[in-house]
Amino acid sequence: MKDKSLFVVCFFVFALILAFAVSPFASSAPDGLERVAMNHDFMEKAIESSRALIKDYEFPKVEGPALSTSLAGLIGTLLVFGVTFVFLKFLVAKDRNGERC
Amino acid sequence: MHIPDGFIRTDINIINYVVSASTLVYVSKKARSWPSEKVPLIGVTAAFIFAAQMLNFPILGGTSGHFLGAFFAAMMLGPLAAFLVMALILTVQCLVFADGGLVALGTNIVNMGVIGAIVSYYFFKVINVFFPKNQKGFLISVAISSWMSVVIASSACAFELAVSAASPFHIVFPAMVSVHSLIGIGEAIITVTAVGFILKIHPEMVSAWQDRNI
């Protein structure tokens, strides 16, 4: 059991490292859908969302594109873990060895 | 492949919202009987997929691709938890990062959650029958299915775009499938590497490996 917990923690740390340290080096070229939309003249149909806190993975009010991306990655990774964990904690009963998902 | 608002017709978005919501309700009901010790693994798998999705890699023609992770999640967690993970990731991406439109969120969840995770999982179950019942055979099926998950998800997207008159079918379908066939190679490489590694150190954590005889 301890071994499994270690795996889970290491996996999480690995995700955080990817999100924080590697994300600034990611390619900024348009992705597959964007490229198709640009090439075939429907990109302009896109409606920008105005509400988002960390739009386009750029943490606001931070200097430098690398750091703003890193922070976006870090926050996002923690948030996704938190949301998933909390969502499931409401649903999954304790002390049940139920069916596999 | 995160579709912004404005590309897809509203009625298609509504249908996809209904499909996504229904699937989420079904999965949530099933989730009540999941073992609680699996929750951290589900959480970190979601975290990893989110992080990996940020790491765009260049492919041809001034275009990049990124990991989808839906099939990886299905291998680690089974199809239903994988759907849940993708739905939650896509929702966070939409609401916090404006990655994918809010009106189009149901469509994105259908493409990358229902099709990306659940359909690809069953595709895997079918083709895995034809390969040796060892880790090597398993990983070959994983490679093919990972690639296929991206291709069929993008095909669904192309179909939705065509029906929405964003672009004619004979143009948008080959365009989407060809670029995503390349991206799918990246998906296969990453998925096989990740699953292969976890199989070596903790095979019991790979749900699809544990269930391989079912």
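Visitor: How many aromatic pairs does a search of the whole structure find?

Guide: A pair of aromatic rings is described by the distance of the centres and the angle of the planes. Rings of Phe, Tyr and Trp (its six-membered ring) pair if their centres lie within 6.5 Å; planes under 30 degrees apart count as stacked, over 60 as edge-to-face and the rest as tilted. Over all chains, the search gives 18 aromatic pairs. One of them, Phe42(A) with Phe7(B), is edge-to-face, at 5.1 Å centre to centre and 75° between the planes.

The model is predicted: local features need pLDDT of at least 70 and side-chain atom pairs pLDDT 80 or more, while totals for chains, interfaces and linings use all residues. Residues are numbered from 1 along each chain as its sequence is written, chains are lettered from A and ligands numbered from 1 in the order in which they are written, and side-chain values use heavy atoms, without hydrogens and water.

Visitor: Where do Phe42(A) and Phe7(B) lie?

Guide: Helices here are DSSP runs (H or I, at least four residues), numbered from the N terminus. Phe42(A) is in the loop between helix 2 and helix 3 of chain A and Phe7(B) in the segment before helix 1 (10-31) of chain B, so the pair joins two chains.

Visitor: Is Phe42(A) buried or exposed?

Guide: Buried means under 20% relative accessible area, exposed over 50%, and partly exposed in between (1.4 Å probe, protein chains only). Phe42(A) is buried at 0%, and Phe7(B) is buried at 3%.

Visitor: What is the geometry of Phe169(B) and Phe173(B)?

Guide: Their ring centres are 4.9 Å apart and the planes stand at 20°, so this pair is stacked. Phe169(B) and Phe173(B) are four residues apart in helix 7 (residues 169-201) of chain B, about one helical turn. Phe169(B) is partly exposed at 41%, as is Phe173(B) at 28%.

Visitor: Which residues form one aromatic cluster?

Guide: The cluster consists of Phe7(A), Phe11(A), Phe14(A), Phe48(B), Phe67(B) and Phe72(B). Phe72(B) is also among the buried residues of helix 3 of chain B; in that helix (residues 70-77), eight of eight residues are buried.

Visitor: How many residues of chain A are in contact with chain B?

Guide: Contact means heavy atoms within 4.5 Å. By that rule, 61 residues of chain A touch 76 residues of chain B. For salt bridges, the rule requires a side-chain nitrogen of Lys or Arg within 4 Å of a carboxyl oxygen of Asp or Glu; across this interface it finds zero.
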